[in-house]
Amino acid sequence: MLRLAWRCSASKFSRVEPACLVTAAFRNTTPPHKSSGSGTIVRFFRQCCFHHPPNFRSTTFHFFRSSPFTSMASGGEGPTSTLPKHTNRLSKERSPYLLQHAHNPVDWYPWGQEAFDKARKDDKPIFLSVGYSTCHWCHVMERESFEDEGIGKLLSDNFVCIKVDREERPDVDKVYMTFVQATSGGGGWPMSVWLTPDLRPFIGGTYFPPTDHGRRPGFKTVLNRIMQQWQNNRSNLESSGDRILEALKKGTAVAADPGESPPLAPDVAQRCFQQLAHSYEEEYGGFRDAPKFPTPVNLMFLMSYWSVNRFTSEGVEALQMALHTLRMMALGGIHDHVAQGFHRYSTDRYWHVPHFEKMLYDQAQLAVAYITAFQALGEQIFADVAQDILLYVSRDLSDKSGGFYSAEDADSVPASGGSEKREGAFCVWTASEVRQLLADVAVGSSGSATLADVFMHYYGVKEQGNVAPEQDPHRELQGQNVLIVRYSAELTAARFGISVETVNELLASARAKMAEVRKGRPRPHLDSKMLASWNGLMLSAYARVGAVLGDKALLERAVQAGHFLKEHLWDAERQTVLRSCYRGDQMEVQQISPPIPGFLDDYAFIICGLLDLYEATLQTEWLQWAEELQLRQDALFWDSAGGGYFCCDPSDSTVLLKLKEDQDGAEPSANSVSASSLLRLSQYTGRQEWLQRCQQLLAAFSDRLTNIPIALPEMVRALMAQHHMLKQIVICGQRDSPDTKSLLEVVNSLFLPHRVLILLDDNADGFLRQRLPALSSMSQQGGVATAYVCQDFTCSLPVTDPEELRRLLLVGPEKTKAE
């Protein structure tokens with residue numbers, strides 16, 4: 001038996017550091033015609049940009065973003081008791097992030113025509129500030145600069161100031177973040193960009209301290225210098241911005257030549273695996289030293305790679321990499337052992353000390369990754385963690401309407417008192433707190449061990465705290481403990497002379513007591529904005545976990561989420577998905593006027609969620625809506641010339657770059673998800689044009705897939721599915737009959753990434769039979785539920801026995817027949 005070697009050591013990024021200013025101005029240099037990726041763009045701009053004015057310093061640090069299932073969240077802060085001294089236009093907005101700035105002494109505008117007209121009328125530059133409500137450094141910059149009376153006056157008198165919630169307006173964020181990253185090699189939030197009145201950027205950066213620090217200019221200095229340059233050197237600023245935009249348009253173009261085919265899937269998948277294996281950290285899992293992000297897209301690719309390479313050493317290695325990472329995360333401090341769910345990322349390589357923010361999109365993707373691992377290996381721990389995540393979401397991120405909130409902040413007021421928020425205050429524990437709360441004797445243990453002794457041993461709680469100073473540069477976690485599993489239940493049982501079963505019971509009791517104490521602490525800020533895209537991701541999570549586990553409560557919650565999306569984030573009259581809606585003061589769902597139209601990821605993630613919901617419930621209403629949305633997505637975002645989908649409506653003149661996101665990062669890119677959905681929908685509807693569209697999409701991203709597939713692991717999965725062709729698993733039978741359920745349980749228990757599931761129920765299958773005439777030849781055999789497995793226009797013989805279906809799905813019809 002091995003002790004888990006969770007050692008403490010220095011982290012490269014205990015807290016992600018802010019970036020400094022980036023200036024952008026060009027020499028007379030002809031940009032390259034084509035870039036193979038963002039790295040080339042960055043190198044090009046580093047060569048071509050000079051700093052202007054010359055006193056600006058552009059040192060840049062990478063800055064990262066940073067039944068129980070029916071209960072609903074109520075979190076957030078209470079009302080303030082004092083009247084604010086200042087109120088600006090943002091007070092009329094619904095975004096929690098914009099409302100956080102509604103009482104700054106800054107004349108803020110939301111993104112929109114009023115601000116654009118003001119800038120043109122007054123001929124002033126625009127100061128664009130972009131962030132989100134649970135962003136730590138956004139809070140810091142607000143406190144230091146935007147709440148400062150002098151800075152507020154400087155901004156308001158000399159600039160038209162626009163504040164943007166990046167989660168509301170990802171289109172705006174992507175354009176100007178592309179500019180900042182291209183001119184500096186890094187980026188992050190808060191993002192600060194200065195624009196001409198016609199919205200063209202000329203200077204950008206991220207966080208600025210309020211005053212000068214050494215050779216780093218403070219925000220006041222930056223503002224004064226930009227004002228001077230706007231007055232004295234405006235034409236150079238404007239022309240350099242124009243040249244940068246033109247270069248970005250060329251460098252970010254993603255398109256296929258006429259007749260071009262996608263790259264070969266086996267070669268791309270092999271290269272993606274090799275690149276991930278090269279970056280894999282063997283001891284604790286994950287794909288870098290520190291900070292470590294969960295990256296579910298990588299884990300899902302590795303499990304898919306294993307599914308088609310089960311009997312090769314590389315396939316086995318891929319599965320091991322995914323499962324080890326998932327285990328280490330589940331044991332680590334990134335996993336909230338008391339109140340469930342996962343924090344945003346780990347500041348160290350051990351998954352120990354997290355950035356304590358919790359994001360909806362992380363919970364959604366991790367729940368799917370864990371339930372997929374359960375399908376692949378059958379270990380109960382993976383199913384338990386998936387359920388654990390959804391318990392947290394149901395309790396703390398769920399609205400009574402059926403929607404899901406966006407995030408919980410990392411910072412909160414300590415329970416010990418004071419008004420200053422600290423990172424992790426809601427989640428961490430001192431040893432004395434644990435000893436006082438868990439003072440009871442551990443029944444059955446040798447000696448006089450208490451429940452606290454058992455708990456502290458298992459979770460690594462130390463008297464002086466278990467966070468190393470190197471992991472806590474701001475001294476917010478001194479004397480505190482972040483719970484992390486240090487010993488197994490078996491080793492803990494041996495240490496205290498009790499059974500493993502008793503250890504698990506004692507730990508469960510202790511966690512329940514600590515959860516009750518946590519409820520009494522000041523809660524972190526809750527971003528109660530409900531985004532269509534992230535709700536689509538979470539819809540997939542509830543549907544898939546519910547289907548695998550046969551959990552009715554989870555499936556009911558998934559259906560509720562589907563109805564929420566259709567009721568509150570779908571404008572049936574205009575045939576338009578809406579980006580967001582909001583929780584009102586009376587817990588009602590509110591919408592702004594006019595609402596923000598949905599972007600590509602809203603359509604793509606909802607469509608994927610609806611397909612998962614259909615396969616979980618086999619109710620064709622969800623399939624019908626998915627088809628309707630895909631047609632609308634095609635009409636709004638498809639690039640008929642180059643293939644692939646634009647991130648936002650290409651007809652929007654306020655968005656200067658027509659981008660196609662080419663990276664699967666914290667969220668999968670909408671093009672990656674769309675590639676898979678087009679394949680699935682073609683199997684459900686018989687629409688061959690969607691197969692062709694998938695081909696064109698994959699061809700458009702050929703350069704990226706061929707050279708840097710690690711940037712698009714989710715799209716590589718779609719490429720693999722296109723190559724291997726999807727299996728249609730058709731079950732003929734009555735939906736609720738035991739024999740039908742037995743066959744469905746077999747299908748849902750297995751990890752089969754390249755399949756679609758169809759139920760032919762005589763009472764509800766008109767939609768499918770109308771679109772797929774071949775289904776008319778399929779029926780029950782001998783009056784019992786019957787399965788057919790079809791691929792490439794060929795179907796297996798009908799199967800009625802669940803175990804025979806299992807063998808057919810795992811080994812294929814030829815081997816099954818031989819056996």
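Predicted model: local features only at pLDDT ≥ 70, side-chain atom pairs only at ≥ 80, totals over all residues.
**Figure 1. Strands E2 and E3 as partners of E4.** Strand E2 (residues 108–110) pairs with E4 in the parallel sense over 3 bridges, and in this pairing Pro 110 stands opposite Lys 163 of E4. Strand E3 (residues 126–131) also runs parallel to E4, to which it is joined by 6 bridges; here Val 130 has Val 164 of E4 as its bridge partner.

**Figure 2. Aromatic pair of Phe 202 and Trp 230.** The count of aromatic pairs in the model comes to 29. In the pair formed by Phe 202 and Trp 230, the ring centres are 5.6 Å apart and the planes stand at 20°, which is under the 30 degrees used as the limit, so the pair is stacked. Since Phe 202 belongs to strand E6 (residues 201–205) and Trp 230 to helix H7 (residues 219–232), the pair ties together parts that are 28 residues apart in sequence. Phe 202 is buried, with a relative accessible area of 0%, and Trp 230, at 6% relative accessibility, also counts as buried.

Figure 3. Phe 301 and Tyr 305 form a tilted aromatic pair, with 5.8 Å from centre to centre and 40° between the planes. Phe 301 and Tyr 305 are both buried.

**Figure 4. Aromatic cluster and charges over rings.** Trp 108, Phe 127, Phe 146, Trp 194, Phe 208 and Phe 219 are linked into a cluster by ring pairs. Elsewhere, Arg 166 lies over the face of Trp 189, at 4.0 Å from the ring centre, and the charged end of Arg 495 sits over the ring of Phe 496, at 4.9 Å from its centre.

**Figure 5. Helix H19 and its N-terminal cap.** Helix H19 (residues 552–568) has 17 residues and reaches 24 Å from its first C-alpha to its last, close to the 24 Å expected at 1.5 Å a residue. Asp 551 caps the N-terminal end of H19, with a side-chain oxygen placed 2.9 Å from the backbone nitrogen of Ala 553.

**Figure 6. Open sheet of strands E9, E10 and E13.** These 3 strands form an open sheet in the order E9-E10-E13, with antiparallel pairing. Strand E9 (358–359) and strand E13 (526–527) stand at the edges, each with a single partner strand, so one side of each is left without a neighbour in the sheet. Strand E10 (residues 407–408) and E13 pair in the antiparallel sense over 2 bridges, and Glu 408 stands opposite Leu 526 in E13.

How values were computed
Residues numbered from 1 in each chain as written. Heavy atoms only, no water. Helix = DSSP H or I, 4+ residues; strand = E, 2+ residues; numbered from the N terminus. Expected span 1.5 Å × (residues − 1). Polar contact = N/O pair within 3.5 Å; in protein donor to acceptor, adjacent residues only side chain to side chain. Pairing = 2+ DSSP bridges. Phe/Tyr/Trp six-rings, centres within 6.5 Å; stacked < 30°, edge-to-face > 60°. Buried < 20%, exposed > 50% of the residue type's maximum accessible area, 1.4 Å probe, protein only. Lys NZ or Arg CZ within 6 Å of the ring centre and 35° of its normal.
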